[in-house]
Amino acid sequence: MEKEHALVPDSLESHHMHASPLSDPMQITSTGLLQFLDISPDALVIINPAGTIVMVNRQAEAVFGYARSELLGQQLEMLLPQHLREIHTAHREHYFSAPRTRPMGVELQLVGRRKDGTELPVEISLSPLLLDGLPHAIAAIRDVTQQRVAERERIQQLQHIRLQTELINLAHDAILVRDPISRVISWNRGAEHLYGWTAQEALGHLTYTLLKTRFPISRSSVEALLEQEGQWEGELTHTRRDGTTVIVESRWVLVRDETGQPLAILEIDRDITERRRKAQGEQAVHAETVEHLAFLQQVLDALPSSVYIVYGSDARLLLANRTASRVWGAEWLTDQPMLEFLTSNGIEIIDAQGRPLPPGQFATLRAVQKGEAVLQQQETIRHPDGSSLPVLVNAVTLPSQHGFHARQREAGEPTPAAEPAALVVHQDVTALKEAEYLKDEFVGIAAHELRTPLAVLVGFADMLLTQTTRGHGPTLAEWQQEALGEIQQATVRLSKLTEDLLDVTRLQAGRLLLQRTPTNVVPLVQRVAAYLQQTTTRHQVEVHTTSTVLVADIDARRMEQVVTNLVGNAMKYSPQGGHVIITIEEETTAQAMCIGVQDTGIGIPKQQQAQIFGRFMRADNALAWGISGTGLGLYLCRELVERHGGQIWFESEEGAGSTFSVSLPLVSADQGDREVPS
Ligand code: ADP
């Protein structure tokens with residue numbers, strides 16, 4: 001801020017003033033002067049050496065708001081702000097000691113004071129004057145309020161322009177201004193950075209020659225459009241100073257003067273090289289993917305089995321072959337979730353026992369939701385017309401892929417995150433099922449027919465042994481006794497086998513019926529344990545439980561069969577003996593009980609664990625140890641437990657032992673009130 005000065009006839013800072021060379025004071029008489037004063041556009045004030053105003057013109061009255069009579073005879077200092085009056089008096093006196101003509105306030109902010117107390121910026125020039133022969137001074141005072149305002153605006157504008165230039169330079173985009181024939185007149189830092197030429201180097205050059213611009217249409221067409229529309233937008237390829245090319249998104253605006261003549265062209269270029277390259281890359285990948293998918297579709301269509309690929313946790317269809325549509329008996333739409341497809345077409349999935357399979361157990365959903373590899377799962381597809389198709393389902397997860405979504409594939413958009421996908425193959429096993437049915441029928445008949453002669457064999461072997469012991473008939477040699485014993489044991493095993501076979505065929509045919517009553521399971525298990533303990537000396541069978549009564553609604557004979565089988569296996573597959581620990585626990589939260597049978601035997605190899613509940617399934621290590629068996633026991637156990645609404649599972653480590661567990665729902669309090677046979 002510049003220092004304020006009042007109407008100062010002489011300033012201490014005289015170096016700010018442009019003093020004219022000493023001149024003789026003007027000689028004038030007051031009468032001659034008066035008529036001229038009013039002609040001046042400036043306010044004129046004449047003072048005598050004592051500082052008294054002796055004459056003023058109309059302008060002075062107008063500028064300061066005083067009537068002439070109020071000014072005459074007053075001190076000049078009345079036209080100053082209060083705080084400047086004293087210092088001014090000193091300056092005035094000093095001026096009169098060496099009077100000369102001087103303009104004041106050209107660079108200084110001089111200030112006057114109006115009658116109403118308001119202040120005004122002024123410019124003053126002082127001249128000495130001999131009025132009526134006496135030394136005086138005349139001050140020409142100009143109100144410069146307007147000029148000051150204009151000056152302030154100009155400064156503000158300049159600051160504004162400076163700021164704009166700064167902002168333009170900060171912009172990441174290249175911003176250039178060209179004259180109407182395309183010579184560079186302004187080139188921001190973004191342009192320097194993008195194209196490699198400094199502003200200095202670029203100024204005056206024709207842009208399209210400098211940048212070797214490649215236009216999407218001819219340059220003249222672009223210019224014609226610009227002239228017509230006032231603006232143009234498009235992609236240009238420019239060559240940088242280092243010879244490399246850059247693709248820019250370019251916007252042009254034509255600036256015209258007041259008469260409408262083109263003044264300049266503003267061009268803003270944004271580098272989109274990377275974006276373009278990426279898009280081109282993606283397009284190529286997309287085209288390739290589409291091609292691969294088409295080929296894959298052809299391969300799949302040629303296969304006799306139903307094959308489809310799904311993605312996402314709701315198993316949306318990616319692609320399916322022709323056989324798949326035949327197997328489902330309906331068209332599964334691309335991107336349609338599996339459950340939606342099934343319900344909208346009235347298709348049901350049934351398990352091997354003819355019960356609806358819960359969706360969480362569908363091979364397809366298990367693969368996408370849990371990442372499981374489901375092999376040879378039996379499912380039956382039931383169509384709305386009542387027909388059904390038994391299938392073996394194999395579902396395996398595919399390595400994560402991006403861009404499975406069909407719409408995204410079409411749009412060429414990338415998928416935000418990889419989704420799980422699975423390949424599912426259906427094998428139509430209708431023929432197999434029929435053969436199996438016939439085989440079951442045959443096995444059933446054979447087993448049934450075996451029962452009678454077996455019973456006879458058991459009976460006679462028994463009779464021979466007991467009657468001989470009692471001394472009826474000749475005494476048998478030791479080897480004969482042993483042979484009879486072997487016959488007896490073999491027949492027992494044979495009858496167990498025929499019983500198991502009969503159970504299997506009954507199960508298959510849905511003829512196995514349960515006779516369920518609420519039963520205390522604790523003594524049942526203890527009984528089985530005690531009985532089996534008698535058959536072995538190498539094993540210690542222990543029952544651990546804190547409960548005495550745990551009631552479940554069961555077929556006691558069948559549950560005995562299950563426990564016997566599990567404890568029997570624990571003993572059989574621990575050929576070197578050891579502890580067999582049976583635990584019976586209540587699971588209060590689940591309203592269930594759990595029976596665990598733990599051994600320290602040969603265990604089950606990892607790779608065979610998934611199949612161990614299958615029919616005729618026997619692990620390799622059991623065969624290697626030469627332990628006899630049929631592979632029917634666990635299959636029957638699972639069927640029986642599940643028909644009781646329970647579950648069976650196991651944990652096993654080869655060489656370390658196994659633990660089989662069975663959980664059964666406990667009966668609710670009101671059911672428990674009924675009589676409980678044990
Ligand atoms: P089986 O004992 O007549 O062969 P199961 O159906 O009872 O038939 O058992 C099927 C197979 O499971 C057995 O052959 C054996 O390989 C394995 N297995 C069952 N229980 C055990 C166990 N406690 N320890 C080790 N292997 C077992």
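These exercises, each with a worked solution, explore a predicted model.

**Exercise 1. The helix pair H15 and H16**

Describe how helix H15 packs against helix H16.

Solution. 
- Two packed helices are described by the angle between their axes and the distance between the axes.
- Find the two helices. H15 covers residues 430–469, and H16 covers residues 478–509.
- Take the angle and the distance. The angle is about 150°, and the axes are 8 Å apart.
- Classify the angle. Angles over 145 degrees count as roughly antiparallel. H15 and H16 are therefore roughly antiparallel to each other.
- The crossing of H15 and H16 is left-handed.
- Sort the contact residues of H15 with H16 by class. There are 14 nonpolar, 10 polar and 6 charged residues.

**Exercise 2. The sheet that holds E9 to E13**

Work out the strand order of the open sheet containing E10 and E11, then look at its pairs.

Solution. 
- Strands of a sheet pair through backbone hydrogen bonds, either parallel or antiparallel.
- Read the order. The 5 strands run E10-E9-E13-E12-E11, and the pairing is antiparallel.
- E10 and E11 (231–239) each pair on one side only.
- Note the turn. Neighbouring strands of this sheet are turned by 25° against each other on average, direction ignored.
- Inspect one pair. E9 (residues 174–178) and E10 (residues 184–187) are joined over 3 bridges. Arg 178 faces Val 184 in E10.
- Check the hairpin. It has 5 residues between E9 and E10, and Ser 182 takes a positive phi near 75° there.
- Inspect a second pair. E12 (residues 245–256) and E13 (residues 262–271) share 9 bridges. Here Arg 256 stands opposite Pro 262 in E13.
- H10 (residues 273–301) lies across E11, E12 and E13, at about 130° to E12.

**Exercise 3. The mixed sheet**

Determine which strands stand at the edges of the open sheet that includes E21 and E25.

Solution. 
- Read the order. It is E21-E23-E24-E26-E25, and the pairing is mixed.
- Name the edges. E21 (539–545) and E25 (647–653) each have a single partner strand, so one side of each is left without a neighbour in the sheet.
- Note the twist. It averages 15° from one strand to the next.
- Follow E25 to its pairing with E26 (residues 657–665). The two are antiparallel over 7 bridges. Ser 652 stands opposite Ser 658 in E26.
- Place the helix. H17 (residues 521–533) lies across E21, E23 and E24, running at about 170° to E21.

**Exercise 4. Asp 428**

Which residues does Asp 428 contact, leaving aside its neighbours within four places in sequence?

Solution. 
- Locate Asp 428. It is found in strand E19 (residues 419–428).
- List the contacts. They are Leu 389, Pro 390 and Val 391.
- Compare sequence and space. Asp 428 and Leu 389 are 39 residues apart along the chain, and their C-alpha atoms are separated by 7.1 Å.
- Asp 428 has 43% relative accessibility, so it counts as partly exposed.

Terms used:
Residues are numbered from 1 along each chain as its sequence is written. This is a predicted model: local features need pLDDT of at least 70, side-chain atom pairs count only at pLDDT 80 or more; totals for chains, interfaces and linings use all residues. Side-chain values use heavy atoms; hydrogens and water are left out. Axes are lines fitted to C-alpha atoms, for helices over the stretch in contact, and angles run from 0 to 180 degrees between N-to-C directions. Helices (H or I, at least four residues) and strands (E, at least two) are DSSP runs, numbered from the N terminus. Angles under 35 degrees count as roughly parallel, over 145 as roughly antiparallel, 65 to 115 as roughly perpendicular and the rest as oblique. A crossing is left-handed if the near helix is turned anticlockwise from the far one by less than a right angle, and right-handed if clockwise. Ala, Val, Leu, Ile, Met, Phe, Trp, Tyr, Cys and Pro count as nonpolar, Asp, Glu, Lys and Arg as charged, and the others, Gly among them, as polar. Two strands pair if DSSP finds at least two bridges between them. Buried means under 20% relative accessible area, exposed over 50%, partly exposed in between (1.4 Å probe, protein chains only). Contact means heavy atoms within 4.5 Å.
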